[in-house]
Amino acid sequence: MSLQSVVALALILDFLGTWHGLTAPLGETDDEVFDLENYDLTSEMEWGGLDITFMETAMDYDDFDKKIEVANLTPDIPSPANQRTAQHHKKEGTLPPSPTTVNSTGAGLFGPETGLGMPTCLLCVCIAGSVYCDDMGLDQIPLLPKDTTHFYGRFNKIRHVKNTDFINLNKLRSIDLTGNQISGMDEDVFHSLPQLQELLLANNNLQLIPELPISMKHIDLRHNRLVSRGMHSEGFKDMSHLEFLYLSNNHLDYIPTPLPLSLRVLHLQYNNIQSLHEDTFCNLHDLSFIRHNLEDIRLDGNPLNMNLFPQAYVCLPRLPVGSN
């Protein structure tokens, strides 16, 4: 068989392999369809007259070249340096170094660091001078930023408040530690707070209260274990801005006097108060004296008969709530 015949045969077989309409039926092999053993490849009469020019039009060599070009695209191969680094970490059993990140413990960015090893303003929420640390499982006061004006540490597990917890916080105006387990506070814990106006310590275990700044406006000590001997003598006298004093649900034996004229609300229900003095609210030396601001007095829930002390209310705009 001549060389021309061999080339023609190769082209025909290649064409038949790519021609969809001439593929072998399902379940039959190419050998079964074409039965190559019976072909007589030596007969020049069969191949000599074969017109192979139709192959040039059937095959689109431009598309064929494009396919080959796409198939020859090679993937990116890591550089030798990167390969050595990956092999080193795989061998040592360690991870590659992580990217550089912002240092979150910086006091200027996230506030001072807490006893839990986390900056206060990541552990808590800091918004325009207010620090919210409610229900965080804290067992101590976190170190607060110097510009803190309002601190909320409600519903935690704090048992003791130290005199260093609020040091250098000259702008602090409000402290809310409602719903903790506080049973003790250092005596001078509030001495360094010249602007403190609001102290909320309801639902704790306090038996005594330390000396408070005269700047106070709102004091809430409900649901503690306060006893009268645990209150400072004349502790509220000089608080000329005090308006709200909540002392209900404690163990007080008497009303802590004298009370400032600025007082508007006094809640003492559910204590152990049994008697009143005529000068508890009024001035015995000035019968024209009227205590205009004090309009809400609660004495119900005490072993006290209000009818026995009529002179104690003559200066009040409204009678106290209590048992007759």
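This report covers the aromatic ring contacts of a predicted model.

Residues are numbered from 1 along each chain as its sequence is written. In this predicted model local features need pLDDT of at least 70, side-chain atom pairs count only at pLDDT 80 or more, totals for chains, interfaces and linings use all residues, and side-chain values use heavy atoms, with hydrogens and water left out.

A search of the whole structure finds three aromatic pairs. Rings of Phe, Tyr and Trp (its six-membered ring) pair if their centres lie within 6.5 Å; planes under 30 degrees apart count as stacked, over 60 as edge-to-face and the rest as tilted. Two of the pairs are tabulated here.

| Pair | Centre to centre | Angle between planes | Class |
|---|---|---|---|
| Tyr132 and Tyr152 | 4.7 Å | 0° | stacked |
| Phe166 and Phe190 | 6.4 Å | 20° | stacked |

Tyr132 belongs to strand E2 (residues 130-132) and Tyr152 to strand E3 (residues 150-152), so their pair ties together parts 20 residues apart in sequence. Strands (E, at least two residues) are DSSP runs, numbered from the N terminus. Tyr132 is partly exposed at 32% relative accessible area, while Tyr152 is buried at 16%. Buried means under 20% relative accessible area, exposed over 50%, and partly exposed in between (1.4 Å probe, protein chains only).

Phe166 is in the loop between strands E4 (160-161) and E5 (174-176), and Phe190 in the loop between strands E6 (184-185) and E7 (198-200), so this pair ties together parts 24 residues apart in sequence. Phe166 is buried at 0%, and Phe190 is buried at 1%. Phe151, Phe166 and Phe190 form one aromatic cluster.

Methods:
Helix = DSSP H or I, 4+ residues; strand = E, 2+ residues; numbered from the N terminus.
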